[in-house]
Amino acid sequence: MGFNKRYVSTWKLREWFQSGGITEVLRRLGRADALICEDEFSTDLVGIFRSDKLPSEILTIMDKMLDDKFQDS
């Protein structure tokens, strides 16, 4: 059984978000044993994902962050 690590960058987040929206981003982040952030935006987003906030709050915050960042992409 392997250790599933996932490298996360703004570029990867944009790719995931464009292919399946917030659902795809959550799926990709949720399946990893370890998340390795490569830039400030991905670090901030993963911080929200791993926070102790209510799931509905996490979803709302992450969706807004992604929409704001990639709405023109």
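Student: Which residues does Ser-42 touch, not counting residues up to four places away in sequence?

Tutor: This is a predicted model, in which local features need pLDDT of at least 70 and side-chain atom pairs count only at pLDDT 80 or more, while totals for chains, interfaces and linings use all residues. Residues are numbered from 1 along each chain as its sequence is written, and side-chain values use heavy atoms, with hydrogens and water left out. Ser-42 lies in helix H2, helices being DSSP runs of H or I with at least four residues, numbered from the N terminus. With contact taken as heavy atoms within 4.5 Å, the residues that Ser-42 touches are Val-8, Ser-9, Thr-10, Leu-13 and Cys-37.

Student: Is Ser-42 buried or exposed?

Tutor: Relative accessible area, computed with a 1.4 Å probe on protein chains only, counts as buried under 20%, exposed over 50% and partly exposed in between. The value for Ser-42 is 0%, so this residue is buried.

Student: How are H2 and H3 oriented to each other?

Tutor: Axes are lines fitted to C-alpha atoms, for helices over the stretch in contact, and angles run from 0 to 180 degrees between N-to-C directions. The axes of H2 (residues 40-49) and H3 (residues 55-70) come within 9 Å and cross at roughly 160°. Angles under 35 degrees count as roughly parallel, over 145 as roughly antiparallel, 65 to 115 as roughly perpendicular and the rest as oblique. H2 and H3 are therefore roughly antiparallel.

Student: At what angle do the axes of H1 and H3 cross?

Tutor: The axes of H1 (residues 10-30) and H3 come within 11 Å of each other, and their crossing angle is roughly 155°.

Student: How many salt bridges does a search of the whole structure find?

Tutor: A salt bridge is a side-chain nitrogen of Lys or Arg within 4 Å of a carboxyl oxygen of Asp or Glu. One of them joins Lys-12 to Glu-15, whose closest N and O atoms are 3.3 Å apart, and another joins Lys-64 to Asp-68 at 2.9 Å. Over the whole structure, the number of salt bridges found is 4.

Student: Which residues are linked in a network of salt bridges?

Tutor: Arg-28 and Glu-24 meet through their side chains at 2.7 Å, N to O, and both lie in H1, 4 residues apart, about one turn of the helix. Arg-28 is partly exposed at 25% relative accessible area, whereas Glu-24, at 14%, counts as buried. The linked residues are Glu-24, Arg-27 and Arg-28.

Conventions:
Helix = DSSP H or I, 4+ residues; strand = E, 2+ residues; numbered from the N terminus.
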